[in-house]
Every structure is written in C-alpha cells, then in structure tokens.
Amino acid sequence: RVKSGATVCFMIKPMNTVLQLNSLADIISTVEFNYSGELLATGDKGGRVVIFQREQESKNRLLSRGEYNVYSTFQSHEPEFDYLKSLEIEEKINKIRWLPQQNAAHFLLSANDKTIKLWKISERDKRAEGYNLKDEDGRLQDQFRITTLRVPVLMPMDLMVEASPRRIFANAHTYHINSISVNSDYETYLSADDLRINLWHLEITDRSFNIVDIKPANMEELTEVITAAECHPHQCNVFVYSSSKGTIRLCDMRAAALCDRHSKFFEEPEDPSSRSFFSEIISSISDVKFSHSGRYMMTRDYLSVKVWDLNMENRPVETYQVHEYLRSKLCSLYENDCIFDKFECCWNGSDSAIMTGSYNNFFRMFDRNTRRDITLEASRENSKPRAILKPRKVCTGGKRKKDEISVDSLDFNKKILHTAWHPKENVIAVAATNNLYIFQDKMN
C-alpha cells in the first residue's frame, strides 16, 4: 500500500500513499522520480523495481492531487555467485536513473553491486487477431487446409505494462557500484565504484572507458575511496566525484582521457579544535548532487549538508546542520555501526530548498532563501491522508517540552536514507526502511 501526504517547506500533509513491505528483501534501497515527475521508481534489497504512476484524472481534481498508484513491478536483478572470487553478489538495487522520454515508452537504468541494466517500460492495449497460419489458440494450422487469405486486425485488450531488459552492462567493476549518472548528452552515462569511474555509451555493452582510477599500486597505501559521482546537468564533459575524506573533485573530460588530474578540488578546512577520533568518519561524503541550474552542488556528510558554488573551492557557501545533537552520541553510533550510514540529499525543482533524512524516521527540509528549516516525521501514526504533518523537535538536555522528543529516545533502527523531490512540484517521496511515503505541499 502506498500512502500519500503533503509537503514542503513547511506545510506538509500525507496524500494516500504508504507502500508497506514486510521482509528484509522489501527494504527500499533507492527512490527516483522521472524527468516529468509522473513516474516514481523504487528499488529494494530483493532486486525488485516498483514503478508508481501519478493518477491522470487527479491532475485536475484538487482534492486528489498527486495520488500515485502501482504501475509496474518487475525483478531487475537476481542473486549471483562469482566462482572465481568465491563472492556472493547481492541482488539489491543500489541506484535507479531515468532516461528522458523520447517516445511512448520509458527507459531506466538499474544497478546492483556489479551489473547495470537498461530497462524499457512500455504499454500494450491491443493484440493482433486473425492470423492465417495460426488458429485462435495460437496453434499452427495445416497449410493445405487454408483456402482464404485473411488480413490480421488489432483488437483492444486490457492494458498491460511490460518491462523488458534492452541492454546489460556487466564485467566492468571489480568493486561495488555506488553511483550511476546519465550524462546531459543522453547518449552516455557514468558508473562509479569504490576506486574507479567508467564511462559507457547506452548502445554499447561490451566495453566502457575508464575515466578515473584511484587504485594505488600497493593496496596498503589506499587512503580514500570514491563514495559518489554525478554528471553535470548541462555540460556533458564535466562530472564530480566525492571521497571518504570529505573532498570533492570536479573533472573535465576534455582535458585528458584519464581524468586522474582534477580541474577543481573542493574541501573545507578542518577546525583543529573540533578534531576527534570520529572526525574522518563523519567527514566522509555519502552523496553529491548538482543543482538543476548547474551553478551549485550539494554534499551530504554524516552530520550536515553543504552547498558549494562551483566557482569557489575553498569553502561551502551554505552549511546546514542536520542532526548536530548526535555529536555527543558518536561513540555509541560507532559501536552500533550507524555512523557508517549513507544518507542521500536532494534539491527541489527550483533549487530553493533541499531535503535529507535522519533517524527516528525524521527528515529535514531547508529553505535556502529564508534559512528556515523544519523537521518532519514519516510514520504510519501521523501520516493519515490529508492530515498536516506537525514539525518535530529534538530535546538535547534540560527540561523537555510537551511536543519534543529526547535525543536519548531516538530510534536509530528507523532511518530515512533515501529521498526524492518531484522535478516540478512540491511533492516528495521518502523511504523509511520498508515503507514509502509520498507527501505533497499543503493545499488551501
């Protein structure tokens, strides 16, 4: 089931869309709107892709604006075993990226740890009838009994949505794929793992071009890994990748075939007074996203979201604290491995607001113009259809107010790692473990 709500800086209400699943395989691992926002795809740990479609008739009905229902479900990846390395390859979907729609069909890329697949999602509402060599049941007829020539006709049938794999891009990554990004030329895309980034052509599956390789000759000298990569939204020669050291490198493919020398290097100097045992871990960047305008990029580390101007490398132009109250809890978060969680972030369609997840099924939204922020909770209890989401506050000490929640009572097993924002409207999708929540802006 899917539950919808409403949202955005700063009034949010559930729509009617909560997709609830019940097993480990049902844990949602990626969420992505297509370019129009009419389709929303999710991938899960079981290798399945579920696509939701916005109700057509609801576009003109204000009360049901934004309803999404299941459009197609298919098994994208299966578990595999690498016999040479004695390694089990999970079916979990790491990333989904849509391609711009060129005809009646839709295309998307889905990736697990090792393999990327290009899927075609198409509709069929007619079937051919009146064959000459086949009877009504599809069995071949005796050719000597055919005395007349019939012209087959197309007859209407119940709508069927088909998902078919058109390309399989495999055997190019030694390490686990963490990012895929479609280039602005819509002919190529890049895929990144821990140590390498490859450039693919959508029509060619048997070879790719290695454009970044940070693997040292001696693996004992390895000091950082690639955590995320993305193509520039307008310049097909430019891409960025982030590292576990908290740095971001911008590369220009016109400079060299192998982009081992970056064009720009973004890093914020560390404050020596705040240095601790956990500094390197929490500075690791888990996500990087260009703004739609291409002027800025946003990075997410463990405690904060930073917005960078591509023309200024020495520090971010904006920094937003996501859950600073957890800084005193880093020791326990290290012990339960939560400190290694990889949170994603996303822009709204106009780049004026950003969103990212947190613990206790909280998610944070920041208005870049007013510098206002809000904490909201995605839960079945407070996500009744048409209800307004109430802001939540975390109490870090002292006397707790009525509507506040103590930092000691936060549930770290409930976490929102994956979020997506509709490219044109204030509609958001939030994945809370094995539940998908869709919220929309408050309607007067």
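A: A salt bridge is taken here as a side-chain nitrogen of Lys or Arg within 4 Å of a carboxyl oxygen of Asp or Glu. The model is predicted, so local features need pLDDT of at least 70 and side-chain atom pairs count only at pLDDT 80 or more, whereas totals for chains, interfaces and linings use all residues. Residues are numbered from 1 along each chain as its sequence is written, and side-chain values use heavy atoms, with hydrogens and water left out.

By this rule there are 23 salt bridges. One of them pairs R327 with E324, with the closest N and O atoms 2.5 Å apart. R327 is partly exposed at 38% relative accessibility, and E324 is partly exposed at 33%; partly exposed lies between buried (under 20% relative accessible area) and exposed (over 50%), with a 1.4 Å probe and protein chains only.

Salt bridges that share partners also join D26, D44 and R48 into one network. Within it, R48 and D26 have their closest N and O atoms 2.3 Å apart. This pair links distant parts of the chain, 22 residues apart: R48 is in strand β5 (residues 48-54), and D26 is in the loop between β2 (12-20) and β3 (28-33). Strands are DSSP runs (E, at least two residues), numbered from the N terminus. R48 is partly exposed at 23% relative accessibility, whereas D26 is buried at 11%.

A further salt bridge joins D309 and R295 at 2.7 Å, N to O. D309 belongs to strand β23 (residues 304-309), and R295 to the loop between β21 (287-290) and β22 (296-300), 14 residues apart. D309 is buried at 9% relative accessibility, while R295 is partly exposed at 39%.

Methods. Helices (H or I, at least four residues) and strands (E, at least two) are DSSP runs, numbered from the N terminus.
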